[in-house]
Amino acid sequence: MPSKPLYPAYLPTRPDGPSVPIAVPFFEADEPARRANPAKPSLLKAGVTAINVTPRIGTEIRGVQISELSKEGLDELALLAAERGVVVFRDQDFADIGFERQLEIARHYGPLHKHPTMGFPKGTSSEFHVVYADENSGNLRSLLGPRTTYDLWHIDQTFTANIPSTTFFWVLEIPEAGGGDTAFASLTAAYEALSPAFRETLHSLKLRHTSASIGEVRRVGAERAYAEAINATHPLVIKHPVTGKPSLFVSPTIAHAVDGFLPEESEALLSFLNNHIRSLDFGCRLKWEKGSVVIWDQRSVAHTAIPDFKDHERRHMVRMIPYGVKPEPYSK
Ligand SMILES: [Fe+2]
């Protein structure tokens, strides 16, 4: 293992320490994908290859730099992410274009989530979320403690009225012995797999989402996590704001209860749905390569880290999360 990180400027810092979760009051959000040309001429130019990861989710793109896209190209990227759930760009220079340009591109999609606890590069702000593991700082396994498995399906930060949209995640350094992939599940495909009769029973339901997630409870304890929590209620089946398609909007570590249900009823339904979305039928698993940037649409895709890399190895990633609109219920 190299003794020094490849990207020391991106090591996580938090000079003022963690804060409590930050409320985001409702606002009228822009959805850049709505103004995109459906043919995507600024993104999918001659020489660009776009290959399905699976028929249901994911497109892998080669031959274009995100950093060179025009505003129209960035709009088209949001549309492609809405349509395909996840877009992985290979061989990108994105990690090397600097903080300001990275911010400018991510902010094209909306105001960015300010994470209350994750570290950010020195001289930047909590709009950068550095995901970092090495021999000193540990990894997701050490945060969560002993478990049989460590998959932790969720949608990021769904506990506010406006919810995350076109999210950027890029790699700076990959574990030497491999691993640390990220898995994604199409919540539209998960919805479509259900019977019409069962879907109908879900349409009128709402879920309660909380910032007191499993990770936060583990970090500060249940009592404090719930006392400081920010909460929101969203429809269980939402209408995607760009495609209009239904999405089974479950976020297993964050959406903890069905509004109006008794605890046993809620637990039974969420146990089924949370397990249902994990099926390989709906998902894909992306392997990180040097220069990979993954962009996904949080309204129709859940994800999980796969912390299977060796203890003490370095894995260094950065994420940015723009907010989109407040989700609306799906109705046929
Ligand atoms: Fe996440």
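Trainee: What makes His234 the bridge partner of Leu207 in E8?

Mentor: Let's start from the pairing rule: two strands pair if DSSP finds at least two bridges between them. Strand E7 (residues 206–210) and E8 pair in the antiparallel sense over 5 bridges, and in E8 the partner of Leu207 is His234. This is a predicted model, where local features need pLDDT of at least 70, side-chain atom pairs count only at pLDDT 80 or more, and totals for chains, interfaces and linings use all residues. Residues are numbered from 1 along each chain as its sequence is written.

Trainee: Why are E8 and E11 called edge strands?

Mentor: The order in this open sheet of 3 strands is E8-E7-E11, with antiparallel pairing. Strand E8 (231–235) and strand E11 (255–258) each have a single partner strand, so one side of each is left without a neighbour in the sheet. Neighbouring strands here are turned by 30° against each other on average, direction ignored; axes are lines fitted to C-alpha atoms, for helices over the stretch in contact, and angles run from 0 to 180 degrees between N-to-C directions.

Trainee: Which strands stand at the edges of the sheet with 7 strands?

Mentor: That open sheet runs E1-E2-E3-E13-E5-E15-E4, with mixed pairing. Its edges are strand E1 (49–52) and strand E4 (129–133), each with a single partner strand, so one side of each lacks a neighbour in the sheet. The twist averages 20° from one strand to the next.

Trainee: How do you know that E5 pairs with E13?

Mentor: Strand E5 (residues 166–173) and strand E13 (residues 293–297) share 5 bridges in the antiparallel sense, and the rule asks for at least two. Thr166 stands opposite Asp297 in E13, and Phe168 has Ile295 as its bridge partner there. E5 also pairs with strand E15 (residues 315–320), again antiparallel over 5 bridges, with Val171 opposite Met317.

Trainee: What makes E5 largely enclosed?

Mentor: A residue is buried if 20 or more other C-beta atoms lie within 10 Å of its own, exposed if 12 or fewer, and partly exposed in between, with C-beta atoms placed from the backbone. In E5, 8 of the 8 residues are buried, so the strand is largely enclosed by the rest of the structure. Across the protein chain, buried residues make up 43% of the 332 residues.

Trainee: Why is a group of residues called a nonpolar core?

Mentor: The name applies to a set of buried Ala, Val, Leu, Ile, Met, Phe, Trp, Tyr and Cys residues joined through C-beta atoms within 7 Å. The largest one has 74 residues, and Leu187 is among those that touch the most other members. Helix H1 (residues 71–84) gives the largest share, 7 residues. Leaving aside neighbours within four places in sequence, the contacts of Leu187 include Leu248, Ile277 and Val301; a contact means C-beta atoms, placed from the backbone, within 7 Å.

Trainee: How do you know that the radius of gyration agrees with a compact globule?

Mentor: The radius is taken over C-alpha atoms, and the globule rule is 2.2 Å times the number of residues to the power 0.38. With 332 residues the rule gives a value near 20 Å, and the protein chain has 19 Å, so the two agree.

Definitions and conventions:
Helices (H or I, at least four residues) and strands (E, at least two) are DSSP runs, numbered from the N terminus. Two residues are in contact if their C-beta atoms, placed from the backbone, lie within 7 Å.
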